[in-house]
Amino acid sequence: MEETRMQKIQRWELLVKERLDNGMSVSQFCKAKGYTENMYYHWITQIHKLDPDFDTRGKSSYQDSLWALTVKYKSPATSLNRLQRILLSLSSNVI
């Protein structure tokens with residue numbers, strides 16, 4: 001029997017929690033489980049559509065953030081530029 005979309009989202013929620021509990025990077029986790037990073041970030045997007053507050057980052061690294069932006073914007077240069085602007089914006093808002 002094939003999984004429904006909701007079942008897949010629930011399975012990925014458990015996988016994300018497992019990754020965070022183990023302290024693995026997205027890259028390490030995907031290699032260990034046999035998933036692609038694109039697949040991982042696709043399901044992160046699906047999870048956030050249903051539950052925007054679901055913690056999928058944990059102790060997210062700069063590299064994980066850059067990869068997520070690369071997947072979204074399809075260009076490492078654009079992603080790096082965008083990430084740098086986001087980080088600059090966040091740091092300038094700190095009092």
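**Helix packing in a predicted model**

The axes of helix 1 (residues 5-22) and helix 3 (residues 37-50) come within 9 Å and cross at roughly 110°. Axes are lines fitted to C-alpha atoms, for helices over the stretch in contact, with angles from 0 to 180 degrees between N-to-C directions. This is a predicted model: local features need pLDDT of at least 70, side-chain atom pairs count only at pLDDT 80 or more, and totals for chains, interfaces and linings use all residues. Residues are numbered from 1 along each chain as its sequence is written, and side-chain values use heavy atoms, without hydrogens and water.

**Helix 1 with helix 3**
- Helix 1 and helix 3 are therefore roughly perpendicular (65 to 115 degrees).
- In helix 1, R5, M6, K8, I9, W12, E13, V16 and R19 meet M39, Y40, W43, I44, Q46, I47 and L50 of helix 3 (contact: heavy atoms within 4.5 Å).
- The residues of this contact divide into 10 nonpolar, 1 polar and 4 charged.

**Helix 1 with helix 2**
- Helix 1 and helix 2 pack at about 120°, their axes 10 Å apart.
- L15, E18 and R19 of helix 1 meet V26, F29 and K33 of helix 2.
- That contact holds 3 nonpolar, no polar and 3 charged residues.

**Helix 2**
- V26, F29 and C30 are buried in helix 2 (residues 26-33) (under 20% relative accessible area).
- Seen down the axis of helix 2, the buried residues fall within an arc of 95°, so they line one face; the arc is that of directions from the helix axis to the C-beta atoms.
- On the other side of helix 2, K31 and A32 are exposed (over 50%).
- G34 follows helix 2 and has a positive phi, near 80°.

Note on methods:
Helices (H or I, at least four residues) and strands (E, at least two) are DSSP runs, numbered from the N terminus. Angles under 35 degrees count as roughly parallel, over 145 as roughly antiparallel, 65 to 115 as roughly perpendicular and the rest as oblique. Ala, Val, Leu, Ile, Met, Phe, Trp, Tyr, Cys and Pro count as nonpolar, Asp, Glu, Lys and Arg as charged, and the others, Gly among them, as polar. Buried means under 20% relative accessible area, exposed over 50%, partly exposed in between (1.4 Å probe, protein chains only).
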